[in-house]
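Subject: Structure for you to look at

Hello,

Here is the structure I said I would pass on. Please open it first and keep it beside you while you read the notes below.

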Amino acid sequence: MDTTNNEHLVFAITLDDLQSESLEKIGRTLTNEEIHIAKKGLEFGLLTDIDTVYKTIFTEMIDNERN
């Protein structure tokens, strides 16, 4: 893997992903206004406690290296 490429995605949620979840959960696709609301909610939810997520990931890596 090229670790010098700052544009490489590690995780992504596409519009297709969002619409697929919407179809599964509420039985229809989202309107443009609802997509905007969902984007804001996803951003808030995913970034709210990102430090805990990173800490957990890296702690698990260190623990795995020791075993």
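Start with K25, which is exposed, as its relative accessible area is 56%. The terms for this are set by relative accessible area: buried is under 20%, exposed is over 50%, and partly exposed lies in between (1.4 Å probe, protein chains only).

Before going on, note that this is a predicted model, in which local features need pLDDT of at least 70 and side-chain atom pairs count only at pLDDT 80 or more, while totals for chains, interfaces and linings use all residues. Residues are numbered from 1 along each chain as its sequence is written, and side-chain values use heavy atoms, with hydrogens and water left out.

Confidence

pLDDT is the predictor's confidence in each residue, on a scale from 0 to 100. Its mean over the protein chain is 89, and 93% of the residues reach 70 or more. Among the elements, α1 has the highest mean pLDDT (97) and α3 the lowest (89). The elements are DSSP runs numbered from the N terminus: helices (H or I) have at least four residues, and strands (E) at least two.

Salt bridges

Side chains of opposite charge can pair when their charged atoms come close. Here a salt bridge is a side-chain nitrogen of Lys or Arg within 4 Å of a carboxyl oxygen of Asp or Glu. The count by this rule is four.

K25 takes part in a salt bridge with E21, where the closest N and O atoms are 3.1 Å apart. Both residues belong to helix α1 (residues 15-26) and sit four residues apart, about one turn of the helix. E21 is partly exposed, at a relative accessible area of 39%. K25 also meets E24 in a salt bridge, at 3.4 Å from N to O, and E24 is exposed, as is K25. Together, E21, E24 and K25 are linked in a network of salt bridges.

Another salt bridge joins R66 and D63, with the closest N and O atoms 4.0 Å apart. These two are three residues apart in helix α3, so about one helical turn separates them. R66 counts as exposed at 66% relative accessibility, whereas D63 counts as partly exposed at 38%.

Aromatic pair

How many aromatic pairs does a search of the whole structure find? The search finds one. Rings of Phe, Tyr and Trp (its six-membered ring) pair if their centres lie within 6.5 Å; planes under 30 degrees apart count as stacked, over 60 as edge-to-face, and the rest as tilted. The ring centres of Y54 and F58 are 6.0 Å apart and the planes are at 10°, so this pair is stacked. Y54 and F58 both lie in helix α3, four residues apart, or about one turn of the helix. Y54 is partly exposed at 43% relative accessible area, and F58 is partly exposed at 46%.

Largest pocket

A pocket is an open set of points on a 1 Å grid over the protein atoms alone, with protein on both sides within 12 Å along at least five of seven lines; lining residues have an atom within 4 Å of a point. The largest pocket has a volume of about 290 Å³. Its lining is made up of V10, F11, L46, L47, I50, V53, Y54, I57 and F58. The elements giving two or more residues to this lining are α2 (32-47) and α3 (50-66). α3 gives the most, with five residues.

Regards

Conventions: 1 Å grid on protein atoms, 1.4 Å probe; cavity = no way out; pocket = protein on both sides within 12 Å on 5 of 7 lines; lining within 4 Å. Points joined across faces, edges and corners; volume = space filled by probe spheres on them.
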